[in-house]
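Subject: Structure handover

Hello,

Here is the structure we talked about. Please open it alongside this note, then read on for what turned up.

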Amino acid sequence: MSEATPPVIEVTGLVRDFGNVHAVRGVSFTAAHGELVAVRGRPGAGKTTLLNLIGGLDRPTAGRVTVAGHDVTAASDRELRALRRDTVGFVFQSFGLIPILSAAENIGVPMRLTRRPAAEREERVAMLLELVGLGAHAAQRPYELSGGQQQRVAVARALANDPQVLIADEPTGQLDAETARSIMELLRAVVTARGTTALVATHDTTLIEQADRVLTLRDGALAS
């Protein structure tokens, strides 16, 4: 990254307390355009809280977060909703798919929220299904798909509005080792092909090799 190019994610002195529990303690780092950053640590280390703060799902006790030029910590609730809709895509461990919708319909939900024209939406859904290797599964509902396939749908949905940042919280936590590796390889391919900046929380050391850089959290603080 050249000096003239600002980081896509900039975290400065981030703190999040829940009463007497210090979930995130003075975390600072940056992430560049097209960089995949893994955030590792044991359960309870603060990974999910950190990602929620960066993605605008939670507000810090202190510190600052900037994402793609947006000051997340100073944003109004309305601005945060727009950020999550247009700039940041989320992938969760639990997949979070809508059971009554098909794979294609699940992927199309974020584009419905932005009122994208139906023809354009359908074209993009088809493209995303091919991207994640599920072109033949468009009409299937989540219960008809394997765990790995459901997570691929979730990745495609996160990419629906072409976000600049992808946040994945333990995206392979419910998957077997081989399927987990395929999901991480998919995330790596997305970052490389689309220039997306990705933060991936994981405690699985076998998945770390896909990252450009690794941050280690211990008791809410970055380990040196």
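Leu 131 lies in helix α4, which covers residues 118-131. Bear in mind that this is a predicted model. Leu 131 is partly exposed, because its relative accessible area is 34%, and the buried class needs under 20%. Setting aside residues up to four places away in sequence, Leu 131 touches Leu 159, Leu 186, Val 190 and Arg 194. Arg 157 is 26 residues from Leu 131 in sequence. In space, the two C-alpha atoms are 11 Å apart.

**Helices α5 and α6**

Two of the residues touching Leu 131 come up again here: Leu 186 and Arg 194. How do α5 and α6 pack, in angle and axis distance? Helix α5 takes in residues 147-158, and helix α6 takes in residues 177-194. Their angle is about 15 degrees, and their axes are 10 Å apart. That makes α5 roughly parallel to α6, because angles under 35 degrees fall in that class. The crossing is right-handed.

The contact residues are these:

- From α5: Gly 148, Gln 151, Arg 152 and Val 155.
- From α6: Thr 179, Ser 182, Ile 183, Leu 186 and Leu 187.

By class, this contact has 4 nonpolar, 4 polar and 1 charged residues. An α-helix has 3.6 residues a turn, so residues three or four places apart point the same way.

**Salt bridges**

How many salt bridges does the model have? The count comes to 10. Three of them are worth a look.

Start with Asp 162 and Arg 194. Their salt bridge has its closest N and O atoms 3.0 Å apart. Asp 162 lies in the loop between α5 and β7 (165-169), while Arg 194 is in helix α6, so the pair ties together parts 32 residues apart in sequence. Both partners are partly exposed: Asp 162 has 46% relative accessibility, and Arg 194 has 28%. Arg 194 also touches Leu 131.

Next, Arg 59 and Asp 77. Their side chains meet in a salt bridge at 3.0 Å, N to O. This pair links distant parts of the chain, 18 residues apart. Arg 59 sits in the loop between α1 and β4 (62-67), and Asp 77 sits in helix α2 (residues 77-86). Arg 59 is partly exposed, at a relative accessible area of 31%.

Last, Arg 64 and Asp 71. The closest N and O atoms of this salt bridge are 3.2 Å apart. Arg 64 counts as partly exposed at 45% relative accessibility. Asp 71 is partly exposed too, with a relative accessible area of 25%.

**Helix α1**

Is α1 mostly covered or mostly uncovered? Helix α1 (residues 47-54) is mostly covered, with 6 of its 8 residues buried. The buried ones are Lys 47, Thr 49, Leu 50, Leu 51, Leu 53 and Ile 54. Gly 56 follows α1 and has a positive phi, near 80 degrees.

**Thr 87**

Thr 87 lies in the loop between α2 and β6 (88-92). Is Thr 87 buried or exposed? Thr 87 is buried, because its relative accessible area is 7%, under the 20% cut-off. What does Thr 87 contact, beyond neighbours within four places in sequence? The list is Val 67, Ala 68, His 70, Ala 82, Pro 163, Gln 164 and Val 165.

Best wishes

Technical notes: Residues numbered from 1 in each chain as written. Predicted model: local features only at pLDDT ≥ 70, side-chain atom pairs only at ≥ 80, totals over all residues. Heavy atoms only, no water. Axes fitted to C-alpha atoms, helices over the stretch in contact; angles between N-to-C directions. Helix = DSSP H or I, 4+ residues; strand = E, 2+ residues; numbered from the N terminus. Parallel < 35°, antiparallel > 145°, perpendicular 65-115°, else oblique. Left-handed = near helix turned anticlockwise from the far one by under 90°. Contact = heavy atoms within 4.5 Å. Nonpolar A, V, L, I, M, F, W, Y, C, P; charged D, E, K, R; others polar. Buried < 20%, exposed > 50% of the residue type's maximum accessible area, 1.4 Å probe, protein only. Salt bridge = Lys/Arg side-chain N within 4 Å of Asp/Glu carboxyl O.
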